[in-house]
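Trainee: I have a model open and want to learn how to read it. Can we go through it feature by feature?

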Amino acid sequence: MQRREWLQAAAALGLLNAAGCAMTPSLPAKTRVLVVGGGYGGATAAKYVRLLSQQKIDVVLVEPDAGFVSCPLSNLVLGGSATLTDLGRGYEALSRQHGVRVVRDSVARIDAPKKQATLASGATIGYDKLVLSPGVELMWDGVAGLKAANEQGRILQAWKAGPETLALRRQLEAMPDGGVYAITIPEAPYRCPPGPYERACQVASYFKAAKPKSKVLILDANPDVTSKGALFKKVWAEAYPGMVEYRPQHKAVAVDAAAMSVKFEVQDDVKADVLNVLPPMRAGAIAVQTGLANANARWCQVNFLNFEATAAKDIH
Ligand SMILES: Cc1cc2nc3c(=O)[nH]c(=O)nc-3n(C[C@H](O)[C@H](O)[C@H](O)COP(=O)(O)OP(=O)(O)OC[C@H]3O[C@@H](n4cnc5c(N)ncnc54)[C@H](O)[C@@H]3O)c2cc1C
């Protein structure tokens, strides 16, 4: 008997459980709705497909992380008014209350014509409809040297909530009073247009209380604040005069991790004590790999009536 056949037979007999085996034996051969990604998008879709179908449509959700962490609230961790634990939830309620089958794994491949997904563990699952919600991918090549600087833990992004959020907070705590925190913003579109400006406010709020001689520099590739400009500028002027400085038309093209500096397309280099460099972004890797990124090879065009990808049927 082949290993795969043994595993399948053992799974059918209930001899294995997910925790004890890299395969996912509880995975059905097919589900009506397969959800990829348990962030706000995927978890919400999974819950409401169950609710609105009066539990008649079976839903499998595949997510590699043990729990959900709210990305929008992660700026509060940087400001010091929340912990990462405050922002987290387990997926148990989705299973227990709503009957979603949550599988801890990630989807490695999607065969759109065959309507089948292959998980990293090697298991496969068919579907009638796929909800693809893998979030965004950072385009490291957009800023030379950034990937290596991230791997060294020197220059972080923290644009997905998690360990990097905590690491960036630690950098802010370690920064001496009188230091400079600089955030660079890529050209729009990127995940959450107001997010970087909001982050600047949160960091400034922390500095005002704990390191009042410090500075927040916002270096924006765009010609102006891309979202809620009047509101942010008012707050910077009134609540953080002399502390927050906004500079438009600063498109980051390279970083020097040793010198802690950023190089721009046109403007002079900038040095900072804490650098938070956000590169350009695109749709999550699995969406790009599946051939769905048909807008500038970065984003997935959809039919806005049902959010179906224009590049593949039955993937939403
Ligand atoms: C600092 C900041 C502030 C923000 N503030 C706001 C705000 O105030 N309001 C607002 O509406 N939005 C805000 N946003 C945007 C918001 O966070 C995102 O729009 C939202 O998280 C997107 O949800 P999602 O489910 O599409 O992606 P994500 O939350 O990124 O979730 C994607 C999930 O997919 C999983 N995944 C990825 N690939 C695979 C795979 N191959 N197989 C299985 N699973 C996979 C990941 O592990 C992840 O859990 C903010 C973002 C940031 C960074």
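Mentor: Start with one side chain. The side chain of Ser53 reaches the backbone oxygen of Arg50 at 3.2 Å. This is a predicted model, so keep that in mind throughout.

Trainee: Where does Ser53 sit in the fold?

Mentor: Ser53 is in the loop between α2 and β2.

Trainee: Is Ser53 buried or exposed?

Mentor: Compare the relative accessible area with the cut-off: buried means under 20%. Ser53 has 12% relative accessibility, so it counts as buried.

Trainee: Now the whole chain. How many helices and strands are there?

Mentor: The protein chain has 9 helices and 19 strands. Its C-alpha trace spans about 70 × 40 × 35 Å along the principal axes. Of the 316 residues, 45% are buried. The chain exposes about 15600 Å², and carbon and sulfur atoms supply 54% of that area.

Trainee: What share of the contacts joins residues 24 or more positions apart?

Mentor: Take the contacts with a separation of 6 or more. Residues 24 or more positions apart account for 65% of them.

Trainee: Which domains is the chain divided into?

Mentor: Domain 1 covers 3–135 + 284–309, and domain 2 covers 139–280. Note how domain 1 is written as two stretches. The C-alpha centres of the two domains lie 32 Å apart. Across the boundary, 16 residues of domain 1 are in contact with 19 residues of domain 2.

Trainee: Why does the ligand lie between the domains?

Mentor: Ask which domains supply the shell. Domain 1 and domain 2 both give residues to the shell around the ligand, so the ligand lies between them.

Trainee: Which residues come nearest to the ligand?

Mentor: There are 24 residues around the ligand. Tyr40, Gly41, Glu63, Val107 and Arg191 come nearest. By class, the shell has 11 nonpolar, 9 polar and 4 charged residues. Helix α2, residues 40–52, gives the most to the shell, with 3 residues.

Trainee: How much of the ligand's accessible area does the protein cover?

Mentor: On its own, the ligand has 990 Å² of accessible area. The protein covers 72% of that.

Trainee: Next, the backbone. What should I expect of phi and of peptide bonds?

Mentor: Most residues other than glycine have a negative phi, and most peptide bonds are trans. Now look for exceptions. A cis peptide bond joins Ala188 and Pro189, with omega about 5 degrees. Pro189 is in the loop between β10 (180–185) and α7 (195–210).

Trainee: What is the phi of Ala297, and what is that of Asp314?

Mentor: Ala297 has a positive phi of about 55 degrees, although it is not a glycine. It lies in the loop between α9 (285–289) and β18 (302–303). Asp314 has a positive phi of about 65 degrees, and it is not a glycine either. Asp314 is in the segment after β19 (308–309). With a relative accessible area of 8%, Asp314 is buried.

Trainee: Where do Ala66 and Val244 sit?

Mentor: Ala66 lies in the loop between β2 (59–62) and β3 (67–69). Val244 is in strand β12, residues 244–247. Val244 is buried, at a relative accessible area of 13%.

Note on methods
Residues are numbered from 1 along each chain as its sequence is written. This is a predicted model: local features need pLDDT of at least 70, side-chain atom pairs count only at pLDDT 80 or more; totals for chains, interfaces and linings use all residues. Side-chain values use heavy atoms; hydrogens and water are left out. A residue is near a molecule or strand if one of its heavy atoms lies within 4 Å of it. Accessible areas come from the Shrake-Rupley method with a 1.4 Å probe; for residues, only the protein chains shown count as cover. Helices (H or I, at least four residues) and strands (E, at least two) are DSSP runs, numbered from the N terminus. Ala, Val, Leu, Ile, Met, Phe, Trp, Tyr, Cys and Pro count as nonpolar, Asp, Glu, Lys and Arg as charged, and the others, Gly among them, as polar. Domain bounds come from an automatic or database domain assignment. Buried means under 20% relative accessible area, exposed over 50%, partly exposed in between (1.4 Å probe, protein chains only). Contact means heavy atoms within 4.5 Å. A polar contact is a pair of N or O atoms within 3.5 Å; within protein, one must be able to donate a hydrogen and the other to accept it, and residues adjacent in sequence count only if both atoms are side-chain atoms.
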